[in-house]
Amino acid sequence: MKTISILGSTGSIGTQALEVAEKHNFRISALSANTNISKLESQARKYNPECVCIYDKSRYSQLKQNLSDTNIKILSGMEGLCEIAYSVKCDTLLNSVVGMVGLLPTLKAIESGKEIALANKETLVAGGKLVTESAEKHNVRILPVDSEHSAIFQCLQGNRREQLNKIILTASGGPFFGKSYSELENVTVADALNHPNWSMGSKITIDSATLMNKALEFIEAKWLFDLEPEQIEIVVHRQSVLHSAVEYKDFSIIAQLGVPDMKIPIQYALLYPDRMECPTKQLSLTDYGTLTFAKPDYDTFRCLTAGIEAIKTGGAYPCLVNSANEEAVSLFLRGKIKFPEIGEIVSSVLEKFPYTEINSYDDVIKADSSAREYVKNNVKLNI
């Protein structure tokens, strides 16, 4: 029986992963949540893991009390996430937490030799060099869970890697496709959270609206597939049916298609290399009828431009733009800044910070803190 641990089990990816796990009779070794102790408790009682972790330490006592009638070990904070990642035995660790907190547990899991199913973008965006070098050193496989990266991974199967020409990352375009920069001035939080195709958490949904999510995926793809930035093309595909594609040296393009349901890439990562029936709908191309493709608007969606420029320049810049974006999205969700200011803030760190290298986890933390302090101290709030 396959055993898995899930970091971020109460979020969208985590809950769908548990559906997949239940269908295929996986054993759940450990679960974690950020703040949702009621959902984590419910999951713990249903799946009876060895341990659970609540990242918010202020909720630790309540969770411990709630599960006092069980033998489940209760952990908290970053220490708890790292204990799950390093010490709890499992075949695969699914990392689906949101934000920079995902990096250190990923590194710890790699050190312990666990296979990684990666749904945390920031792990590779902020620490791509550290993660890929450690994975190679410890002979650990990183399996992508993002639908786009999973599609690329699937399209590479059975082909010679050296014959790859480029990859094509598809983007839904979010709720504001076709809008001009000036038209985004009065966008509300509700508008930005109204994604046309996917149901996701608030942070990643805002990232989809700004196209920052595609910038992050661009950076991830560079590390996952050992590519030069010039080998990555972004194409807007509104239907989210063709999840991404690979072009080979003969200009043949192989694509992966499916309904827009994250259970497909989640299951592929957890069952790889096997393919089995998935708890989702089958794709009917005739129901869609038409699939469309367009170029991104790099002028309007400045986060996308900034993220690509960050990885082209290298060093700490991907970490800096990511951390600045996290702070800016938080400000927007709290009504402190306007929607277009997210892109302005993210772009500004490329000018404000000198080039520095990332050679250690401490370097990542330093860059992360610097970008966050910059945003907090320099952004004029619309209060």
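## Cysteines

The sulfur of Cys-278 lies 17 Å from the closest cysteine sulfur, that of Cys-155, which is too far for a bond. Seen from Cys-155, the closest sulfur is in Cys-278, again at 17 Å. A disulfide is a covalent bond between the sulfur atoms of two cysteines. Here it is taken as a pair of cysteine sulfur atoms within 2.5 Å. A search of the whole structure finds zero disulfides.

Both cysteines are covered. Cys-155 is buried at 4% relative accessibility, and Cys-278 is buried at 16%. Buried means under 20% relative accessible area, exposed means over 50%, and partly exposed lies in between (1.4 Å probe, protein chains only).

## Basis of the model

This is a predicted model: local features need pLDDT of at least 70, side-chain atom pairs count only at pLDDT 80 or more, and totals for chains, interfaces and linings use all residues. Residues are numbered from 1 along each chain as its sequence is written, and side-chain values use heavy atoms, with hydrogens and water left out.

## The sheet

Seven strands form an open sheet in the order E4-E3-E2-E1-E5-E6-E7, with parallel pairing. Its edge strands are E4 (73-76) and E7 (142-144), each pairing on one side only. The twist averages 20° from one strand to the next. Strands (E, at least two residues) and helices (H or I, at least four) are DSSP runs, numbered from the N terminus. Two strands pair if DSSP finds at least two bridges between them.

Strand E3 (residues 51-54) runs parallel to E4 and is joined to it by four bridges. Ile-54 has Ser-76 of E4 as its bridge partner. Helix H2 (residues 37-47) packs on the sheet, where it touches strand E2 (27-33) and E3; its direction makes about 170° with that of E2. Such angles run from 0 to 180 degrees between N-to-C directions, and axes are lines fitted to C-alpha atoms, for helices over the stretch in contact.

Thr-3 sits in strand E1 (residues 3-7). Thr-3 is buried at 18% relative accessible area. Beyond its neighbours within four places in sequence, Thr-3 contacts Arg-27, Ser-29, Lys-89, Cys-90, Asp-91 and Thr-92. Contact means heavy atoms within 4.5 Å.

## The nonpolar core

In soluble globular proteins, nonpolar side chains tend to be buried together. The largest nonpolar core in this model has 120 residues. Val-52, Ile-84, Val-145, Ile-167, Phe-339 and Ile-342 have the most contacts inside it. Helix H14 (residues 317-333) gives the largest share of this core, nine residues. A nonpolar core is a set of buried Ala, Val, Leu, Ile, Met, Phe, Trp, Tyr and Cys residues joined through side-chain atoms within 4.5 Å.

Which residues does Phe-339 touch, not counting those up to four places away in sequence? They are Phe-176, Leu-184, Val-187, Ala-192, Ala-209, Thr-210 and Phe-332.

## Helix H5

Helix H5 (residues 103-111) is mostly covered, with seven of its nine residues buried. These are Leu-103, Leu-104, Pro-105, Thr-106, Leu-107, Ala-109 and Ile-110.

## Salt bridges

The whole structure holds 21 salt bridges. A salt bridge is a side-chain nitrogen of Lys or Arg within 4 Å of a carboxyl oxygen of Asp or Glu. In one of them, Glu-41 meets Arg-45 at 3.1 Å, N to O. The two are four residues apart in helix H2, which separates them by about one helical turn. An α-helix has 3.6 residues a turn, so residues three or four places apart point the same way. Glu-41 is buried at 18% relative accessible area, whereas Arg-45 is partly exposed at 40%.

Glu-185 and Lys-338 also meet in a salt bridge, at 3.2 Å, N to O. Glu-185 lies in the loop between strand E8 (164-171) and helix H8 (189-192), and Lys-338 in the loop between H14 and helix H15 (339-352), so the pair ties together parts that are 153 residues apart in sequence. Glu-185 is partly exposed at 34% relative accessibility. Lys-338 is partly exposed at 35% relative accessible area.

Glu-217 and Lys-214 form a salt bridge at 2.5 Å, N to O. They are three residues apart in helix H10 (residues 212-224), about one helical turn. Both Glu-217 and Lys-214 are buried. Through shared partners, salt bridges join Lys-121, Asp-146, Glu-148, Lys-214, Glu-217 and Glu-220 into one network.
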